[in-house]
Every structure is written in C-alpha cells, then in structure tokens.
Amino acid sequence: MSTPHVVVVMGVAGTGKTTIGPLLAERLGVPYAEGDDFHPQANIEKMSAGTPLTDEDRWPWLDAIGRWAHGRAGLGGVVSSSALKRSYRDRLRAEAPGAVFVHLTGSRELIEDRMGHREGHFMPTSLLDSQFATLQPLAADEAGVAVDVAGTPEEIADRAVRALTGIDSAAPTS
C-alpha cells in the first residue's frame with residue numbers, strides 16, 4: 001500500500017476476520033485491533049444467547065471502532081468489524097474517513113463449516129443466516145476490495161495484501 005491506511009477487515013461471522021486481521025496487520029507492519037473487543041458486554045450476552053443485534057445495539061460498538069480507526073489515521077492499522085451494512089461502514093467512515101475495507105467473502109457452506117470447528121467464540125452458527133440476510137457487499141463507490149476466503153490463512157492474507165496494493169482511499173476500487 002502506498003500510504004498507511006486504516007484497514008477494516010469485514011464480513012459475516014466465520015469468514016476469518018480474527019485470523020486474517022492480525023496476519024494482514026503483520027504483513028503491513030501496523031497494529032491490529034480485534035473488533036469484538038469493542039462490544040459492550042450486553043452485546044456479547046445477546047449474541048451468546050443466539051439473539052441477533054439490532055442497529056441500536058451496534059451504534060456504540062461501531063463508534064468505538066471508528067474512534068480507534070480515527071486515532072490511527074495517517075499511521076495505519078487493521079481492525080476487524082463485520083460492517084455488514086453500508087450504513088455501518090458509513091458510520092465507521094464518519095469517524096475515520098480514510099478507512100478502506102477488505103471484505104472477506106466465501107460460500108455459506110465453507111463459512112458454516114469453519115464456524116462449526118472453532119472453539120471459544122460467542123457467535124453461534126445459528127446466527128449465520130441473519131448475517132447473510134443483513135450483508136450488503138461493498139458498493140462500487142466504497143474504498144475497498146473483496147477477498148475470497150478459500151485456502152489457508154496465509155494465502156488469504158497474501159491475497160488481501162495484493163488486492164490492497166496501490167489502493168487510494170479517496171478513490172473507490174472494484
């Protein structure tokens with residue numbers, strides 16, 4: 001990447017945001033922040049119980065991530081956030097206008113399989129359908145790239161770095 005952007009690794013639960021984010025940050029030489037750490041306890045309890053979050057639940061979480069991203073402006077950083085809706089990404093960009101997005105994409109079957117094998121995460125597989133129903137992929141006017149999650153974490157992180165090479169957050173890519 002030509003400048004130290006703040007990169008938001010986004011996608012539905014189970015795409016590997018928590019795995020790919022740190023690998024991407026390492027390759028870019030910037031710090032990583034785990035988006036789940038910004039959730040208030042009430043959100044974690046709701047999701048652990050299998051209840052999808054409402055937009056009202058998400059606003060404080062997105063604002064906290066946005067503040068972190070704003071603090072990294074000009075320095076670079078990687079943070080994970082599902083950022084499933086355009087309005088969520090707009091809210092993040094309101095705090096951190098130069099943020100770029102890496103949308104981790106994959107088939108529902110692959111993602112469900114990966115979710116079924118992970119341990120110690122509060123998001124149950126039962127919420128995957130609501131995640132896909134909510135998802136609004138990056139639009140042509142949003143700065144970011146889509147990266148397929150097939151393959152090893154290292155392969156995915158390498159694809160993300162290649163996709164981000166030369167991206168200009170002021171000009172959308174497709």
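What span should the twelve residues of helix α7 (residues 153-164) have at 1.5 Å a residue? The expected span, taken as 1.5 Å times one less than the number of residues, is 16 Å, and the end C-alpha atoms of α7 are 16 Å apart, which agrees. The model is a predicted one, in which local features need pLDDT of at least 70 and side-chain atom pairs count only at pLDDT 80 or more, while totals for chains, interfaces and linings use all residues. Residues are numbered from 1 along each chain as its sequence is written, and side-chain values use heavy atoms, without hydrogens and water. Helices (H or I, at least four residues) and strands (E, at least two) are DSSP runs numbered from the N terminus.

Buried residues (under 20% relative accessible area, 1.4 Å probe, protein chains only) in α7 are Ile-156, Ala-157, Ala-160 and Leu-164. They cover an arc of only 100 degrees around the axis, by the directions from the axis to the C-beta atoms, and are therefore on the same side of α7.

The axes of α3 (residues 55-71) and α4 come within 8 Å and cross at roughly 35 degrees, with axes fitted to C-alpha atoms over the stretch in contact and angles running from 0 to 180 degrees between N-to-C directions. The crossing is right-handed, the near helix being turned clockwise from the far one by less than a right angle. Contacts (heavy atoms within 4.5 Å) involve residues including Trp-59 and Leu-62 in α3 and Tyr-88 and Leu-92 in α4.

Ala-83 lies in the loop between β3 (77-80) and α4 (86-95). Its phi is near 45 degrees, a positive value, whereas most residues other than glycine have a negative phi. At 0% relative accessibility, Ala-83 counts as buried.

Conventions
Buried < 20%, exposed > 50% of the residue type's maximum accessible area, 1.4 Å probe, protein only.
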